[in-house]
Amino acid sequence: KKNKEYKQELIQKAEKLITEPSVKKSLEMLSDLQTQWQQCGYVEKELNQELWSQFKKAGDSLYERRDAFLKAQKTKQEENLLKKKQLLKTFEQLINRDFNSIKSWNEATDAYKEIEIQWKKAGFGPKKENETVWTEFKGKRKQFFDKKEHYFKALKNSFEDNFDQKTRLCEKAEALQNSTDWEKTSKELQELQTISKK
């Protein structure tokens, strides 16, 4: 009689697990209830099958819920993977564009930041594919920033060359300031001004 009451109590607990919000937690609790069921003694033979059927039905409901959860999770991961693949295409198109000004590079960097935000929002994909697209994304990110670094390094070198040229022109102009040969000096200064405008 005690075993019967105990098993009925276990059935009620198993049935209540269906309302547990966490699928994982409900399955862990079911596992604990199954252990208790096995440790419980015997009941009358004619009741044994009936009680077991009720307990198993509650457990089966939880397993069906788990299967539905896993299926939904897999579908969501596949959707996330598609979003990430599309972001990779968008990023690749961005990388392949030619940027010939600081403004265009700033706009491209803002576009990259938006892609990165969308990437993080996309969520996880199936594990193996997720790692593959993440590796590809990191490679594209490195390619983008290498290209940006190369542009700004060349720009800096260009600025330094321009500065050096202007400095030399200033030095030549300063060397002419004390000249009294006005005609020759005037022509030379005009030449220096023409060169400085280039």
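Student: At what angle do the axes of helix α4 and α5 cross?
Tutor: This is a predicted model, in which local features need pLDDT of at least 70 and side-chain atom pairs count only at pLDDT 80 or more, while totals for chains, interfaces and linings use all residues. Residues are numbered from 1 along each chain as its sequence is written, and side-chain values use heavy atoms, without hydrogens and water. Helices are DSSP runs of H or I with at least four residues, numbered from the N terminus, and axes are lines fitted to C-alpha atoms over the stretch in contact, with angles from 0 to 180 degrees between N-to-C directions. The axes of α4 (residues 102-122) and α5 come within 12 Å, and they cross at roughly 165°.

Student: Is α4 roughly parallel or antiparallel to α5?
Tutor: Angles under 35 degrees count as roughly parallel, over 145 as roughly antiparallel, 65 to 115 as roughly perpendicular, and the rest as oblique. The α4/α5 angle is roughly 165°. That makes the pair roughly antiparallel.

Student: How do the residues of the contact of α4 with α5 divide?
Tutor: Contact means heavy atoms within 4.5 Å. Residues of α4 including Trp105, Tyr112 and Trp119 meet residues of α5, among them Phe137, Phe144 and Tyr151. Ala, Val, Leu, Ile, Met, Phe, Trp, Tyr, Cys and Pro count as nonpolar, Asp, Glu, Lys and Arg as charged, and the others, Gly among them, as polar. The division is 14 nonpolar, one polar and four charged.

Student: Against which helices do the buried residues of α2 pack?
Tutor: Helix α2 covers residues 23-39. Its buried residues are Val23, Ser26, Leu27, Leu30, Leu33, Gln36 and Trp37. They pack against α1 (2-16) and α3 (45-96).

Student: How are α1 and α3 placed, roughly parallel or antiparallel?
Tutor: α1 and α3 pack with their axes 9 Å apart, at an angle of about 20°. So α1 and α3 are roughly parallel.

Student: How do the residues of the contact of α1 with α3 divide?
Tutor: The contact includes Leu10, Ile11 and Ala14 of α1, and Leu51, Phe55 and Leu62 of α3. The division is eight nonpolar, three polar and three charged.

Conventions:
Helix = DSSP H or I, 4+ residues; strand = E, 2+ residues; numbered from the N terminus. Expected span 1.5 Å × (residues − 1). Buried < 20%, exposed > 50% of the residue type's maximum accessible area, 1.4 Å probe, protein only.
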